[in-house]
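Hi there,

Here is the structure I promised to send over. Have a look at it first, and then read on for my notes.

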Amino acid sequence: MRLSPRGDGVRVAVPILPHGLSESAKVFAQRVLVEKQLETLGTSRRIFWYYTPMALLFSRHLEADVTVFDSMDELSAFKGAPPELRALEDEMMARADVVFTGGHSLYEAKKHRHDNIHAFPSSIDAVHFGRGRSSDRVEPADQAHIKGPRLGFFGVIDERMDIDLVREVAELRPDWSFVMIGPVVKIDAADLPKLPNVHWIGGRDYKQLPDYIGGWNIGFMPFALNESTRFISPTKTPEFLAAGVPVVSTPIVDVVRSYGDDNHVAIAADARSVVQAAEELLAMDRDAWLHRVDKKLAEGSWDQTFENIYELVAKAQLSRSASNEGAHLGKDTFSV
């Protein structure tokens, strides 16, 4: 187990397994590693915090004082999802003391499956992404040569991206530049549009993102409308806004509901609509728009989200330990 301390009592434990193990051997190896890691933590309270039900394969035999399922996406709808994922999620729902969803659409889809489930759409680190507005922002060297106007995207590039839409918009406006940041996963990179005004520059560190985003005129969210995007609530929406960058997005339900209906984000379903929306954003009064955006962003922060989640986990733990009236949230949280 490779351990990496991250400060504030957090350690990230990554299992390193030999090549060539069977699936059952991988599960057994992770089970042994997790057991050994938990032994080092002693007898403190255990908060098991799951991001994927697949982790039950090597942890379902362990006891926890409270179990949290943080359902950020509909993982079973993703390309290459394991066939056993749906059954494991049923088991996860039965074991969890409290469930969180990464957006309202996911909450609506799952609320009937648990009696203590809560929606928590993406919050925003406004200070970090607000650096994109700074006058002393440093233009990254690999972006400085790209002419404007620039439309940009950052995030994983996979089956959730409508690459045909990207191609069509880029062909309609060859005088615009498209900066696409992120690793290519689960799709063939050879299928990405190879046009002189589309720049696929790979993944970049989180710390660098505001420097890139701040150099864009428009944030572009060309999500495909398919099973893998049906319930997503993109974190990048408020991150674009915090950087002071207007956004054009395809009609993702949670984006429309949270940002599109009140015109904080432009919604466009096809290439010509994207071009028209972007042209309007380029010509708008930016100061008035930023004033409205900042009022919107002030409604949510990670600190506020933390406080709400902390209270719900503490209540769930107290419910599990009703005989111990003075119980409080323990020190050790094990996330998988």
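Before the notes, one term: two residues are in contact when they have heavy atoms within 4.5 Å of each other. By that rule, among the contacts in the protein with a separation of 6 or more, 68% are between residues 24 or more positions apart.

Please keep in mind that this is a predicted model, in which local features need pLDDT of at least 70 and side-chain atom pairs count only at pLDDT 80 or more, while totals for chains, interfaces and linings use all residues. Residues are numbered from 1 along each chain as its sequence is written, and side-chain values use heavy atoms, with hydrogens and water left out.

**Overall picture**

The protein has 13 helices and 13 strands; these are DSSP runs numbered from the N terminus, with helices being H or I of at least four residues and strands E of at least two. The C-alpha atoms fill a box of roughly 65 × 45 × 40 Å along the principal axes.

Of the 336 residues, 46% count as buried. Here buried means under 20% relative accessible area, exposed means over 50%, and partly exposed is in between, using a 1.4 Å probe and protein chains only.

**The cores**

In soluble globular proteins, nonpolar side chains tend to be buried together. I looked for nonpolar cores, meaning sets of buried Ala, Val, Leu, Ile, Met, Phe, Trp, Tyr and Cys residues joined through side-chain atoms within 4.5 Å. The largest has 53 residues, and Phe 178, Ile 213 and Val 248 have the most contacts inside it. Helix α11 (residues 271–283) gives the most to this core, with 6 residues. A second, separate core has 18 residues, including Val 34, Ala 55, Leu 62 and Ile 117.

Leaving aside neighbours within four places in sequence, the residues touching Val 248 include Ile 218, Phe 220, Met 221, Val 274 and Leu 281. Ser 249 sits in strand β11 (residues 247–249) and counts as buried because its relative accessibility is 1%. With the neighbours within four places again set aside, Ser 249 is in contact with Met 221, Val 255, Val 265, Ala 266, Ile 267 and Ala 268.

**Around strand β2**

Val 12 lies in strand β2 (residues 10–14) and, at 28% relative accessibility, counts as partly exposed. Not counting residues up to four places away in sequence, Val 12 touches Arg 2, Leu 3, Ser 4 and Arg 6. Asp 8 is in the loop between β1 (2–7) and β2, and its 83% relative accessibility makes it exposed.

**Backbone points to check**

Most residues other than glycine have a negative phi, and most peptide bonds are trans. Asp 8 has a positive phi of about 55° although it is not a glycine. Lys 186 also has a positive phi, near 65°; this residue is found in the loop between β8 (177–181) and β9 (198–202) and is partly exposed at 36% relative accessibility. The peptide bond from Gly 148 to Pro 149 is cis, with omega near 0°, and Pro 149 is in the loop between α6 (141–144) and β7 (150–154).

Best wishes
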